[in-house]
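Below is a short briefing on one protein chain. Look through the sequence and the 3D view first, then read the points by topic.

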Amino acid sequence: MDLHRLAEERSLAYHLRVAQLLGEQPEILSVARQRATAWAESGEHHAPYARAWLAILDGGIERIRAALTDDSEHGRALRQATPFAGAVDPRERWKIWREVRERMEQEDQTRKC
C-alpha cells in the first residue's frame with residue numbers, strides 16, 4: 001500500500017467530514033480563524049499556509065467547503081497545514097482513518113486479482 005497516498009486519502013476524508021460539520025458547529029470556523037491568525041502573526045513556517053487559509057476563511061462557507069474538499073495538488077498542500085486539526089472528535093477521526101485504510105486495502109486486492 002502506498003502510505004503517502006493513504007495519508008492524503010485520510011486527510012481528504014477527514015476534511016470532507018469537517019465540511020459537513022461546518023453548518024452544525026460554527027465554532028469550528030472561529031477556532032480555525034484563531035489558529036490561522038496565530039500562525040500568520042508568528043511568521044513561522046506555517047505563515048504562507050496561514051495567509052492562504054485566512055483568505056479562504058474570509059471567502060464564505062461555500063469557498064471554505066470547496067477548499068476543504070479540493071483534491072488538487074494545491075488542496076492537498078493546504079491540508080498538510082490545516083487550521084481544522086481537532087475539529088472532528090478523536091473517535092470519529094480514528095473511524096474515518098480505519099475506513100479509508102480498509103477501502104484502500106480492498107482496492108489493492110481488487111487490482112491484484
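Of the 113 residues in the protein chain, 35% count as buried, where buried means under 20% relative accessible area, exposed over 50%, and partly exposed in between (1.4 Å probe, protein chains only). The model is a predicted one: local features need pLDDT of at least 70, side-chain atom pairs count only at pLDDT 80 or more, and totals for chains, interfaces and linings use all residues. Residues are numbered from 1 along each chain as its sequence is written, and side-chain values use heavy atoms, with hydrogens and water left out.

**Helices and overall dimensions**
- The protein chain has 6 helices and 0 strands; helices (H or I, at least four residues) and strands (E, at least two) are DSSP runs, numbered from the N terminus.
- Along the principal axes, the C-alpha atoms of the protein chain fill a box of roughly 50 × 30 × 25 Å.

**Contacts and surface**
- Contacts (heavy atoms within 4.5 Å) between residues at least 6 apart in sequence join residues at least 24 apart in 73% of cases in the protein chain.

**Residue D108**
- D108 lies in helix α6, which covers residues 90-112.
- D108 counts as buried because its relative accessibility is 18%.
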